[in-house]
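This report goes through selected local features of one protein model. The sequence and the structure come first, and the description follows.

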Amino acid sequence: MNYQNFVELARRNATTSASTSYTFLHDVGRNLKEEVNTYADIDRSARNIASYLQQHRCFGQRVLLLYPSGLEFIKAFLGCLYAGAVAVPAPLPNKKRQQLKRVLGIIKDADIEVILTSSTYAANINTWIESEGLNKVSCIATDNLPLDLSNQWIQPTIEPDHLAFLQYTSGSTSEPKGVMVSHHNLLSNEQLIKKGFGFSEATKFVGWL
């Protein structure tokens, strides 16, 4: 393994600062609107979020991510890795009872105390967690964080077996079950994909995730 953890890999990619890292296509009527971020954009946002998490002692803690599809989720996910926190992606809950129950099950199973989301959804999520009596859980809108936090980020010491994220099952008939994925697991998977499909740094991907 050439890299100790995913954070080191991401930071090396940030040196290609002007290169496009992600383009997200929004449906706007009959048209598509492009939202483009460079490696430097993503890195700066990730450090910003990570610095906040570090200041609130979230190293090794599980952090729930509740976002719609888009670049804000990517920034928050990497922000957790940059802070040494354990990202816990989950579907943004709507008003359906089953989906609310599913996310509530994840919060309890993963012992969540911090939720990251965008300012569009933060108020509703705060109202919901208060109604559930989750007094220890705080909800943070990452797009409202001060922009200068990125300068305060300190790269954490992360070992290969350090947890990167928890992947919960999406079954509708049983309680959510989390699969533990380490930094080593994550990088090994990426290397296998690269080898199997013959990808390079010049490869462009199109996907629905």
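## The second largest pocket

The second largest pocket holds about 230 Å³ of space. The model is a predicted one. Lining this pocket are Leu-92, Pro-93, Asn-94, Lys-95, Leu-100, Tyr-121, Asn-124, Ile-125 and Trp-128. By class, the lining has 6 nonpolar, 2 polar and 1 charged residues. Helix H5, residues 119–131, is the element that gives the most to the lining, with 4 residues.

Helix H3 covers residues 71–83. H3 has 13 residues, and the distance from its first C-alpha to its last is 18 Å, close to the 18 Å expected at 1.5 Å a residue. H3 is mostly covered, with 11 of its 13 residues buried. The buried residues of H3 are Leu-71, Ile-74, Lys-75, Ala-76, Phe-77, Leu-78, Gly-79, Cys-80, Leu-81, Tyr-82 and Ala-83. Gly-84 follows H3 and has a positive phi, near 75°.

Helix H4 spans residues 97–109. H4 has 13 residues and reaches 18 Å from its first C-alpha to its last, which is close to the 18 Å expected at 1.5 Å a residue. Buried in H4 are Gln-99, Arg-102, Val-103, Leu-104, Gly-105, Ile-106 and Ile-107. These buried residues pack against strand E3 (62–67), strand E4 (86–91), strand E5 (114–117), H5 and E7. Just after H4 comes Asp-111, with a positive phi of about 55°.

Most residues other than glycine have a negative phi. Asp-111 has a positive phi near 55° and is a residue other than glycine. Asp-111 sits in the loop between H4 and E5. Arg-57 is not a glycine either, and its phi is positive at about 55°. Arg-57 belongs to the loop between helix H2 (39–55) and E3. At 75% relative accessibility, Arg-57 is exposed.

## Cysteines

How many disulfides does a search of the whole structure find? The search finds 0 disulfides. For Cys-58, the closest cysteine sulfur is that of Cys-80, and at 8.2 Å it is too far for a bond. The cut-off for a disulfide is a pair of cysteine sulfur atoms within 2.5 Å. Cys-58 is buried, at 4% relative accessibility, and Cys-80 is buried as well, with a relative accessible area of 0%.

| Residue | Relative accessibility | Class |
|---|---|---|
| Thr-117 | 0% | buried |
| Ser-118 | 7% | buried |
| His-162 | 15% | buried |

Thr-117 is in strand E5. Leaving out residues up to four places away in sequence, Thr-117 touches Leu-66, Tyr-67, Leu-92, Ala-122, Ile-125, Cys-139, Ile-140, Ala-141, Thr-142 and Asp-143. Leu-92 and Ile-125, which are among these contacts, are also among the residues lining the second largest pocket.

Ser-118 lies in the loop between E5 and H5. Apart from its neighbours within four places in sequence, Ser-118 is in contact with Tyr-67, Ala-141 and Asp-143. Tyr-67, Ala-141 and Asp-143 are also among the residues that Thr-117 touches. Val-103 is one of the buried residues of H4.

His-162 is in the loop between strand E6 (138–141) and strand E7 (163–168). Not counting residues up to four places away in sequence, His-162 touches Phe-59, Gly-60, Gly-84, Ser-182 and His-183. Gly-84, one of these contacts, is the residue with positive phi that follows H3. His-162 and Ile-112 are 50 residues apart along the chain, and their C-alpha atoms are separated by 18 Å.

Methods. Residues are numbered from 1 along each chain as its sequence is written. This is a predicted model: local features need pLDDT of at least 70, side-chain atom pairs count only at pLDDT 80 or more; totals for chains, interfaces and linings use all residues. Side-chain values use heavy atoms; hydrogens and water are left out. On a 1 Å grid over the protein atoms alone, a cavity is a set of points where a 1.4 Å probe fits but cannot get out, and a pocket is an open set with protein on both sides within 12 Å along at least five of seven lines; lining residues have an atom within 4 Å of a point. Grid points are joined across faces, edges and corners, and a volume is the space filled by probe spheres set on the points. Helices (H or I, at least four residues) and strands (E, at least two) are DSSP runs, numbered from the N terminus. Ala, Val, Leu, Ile, Met, Phe, Trp, Tyr, Cys and Pro count as nonpolar, Asp, Glu, Lys and Arg as charged, and the others, Gly among them, as polar. Buried means under 20% relative accessible area, exposed over 50%, partly exposed in between (1.4 Å probe, protein chains only). Contact means heavy atoms within 4.5 Å. The expected span of a helix is 1.5 Å times one less than its number of residues.
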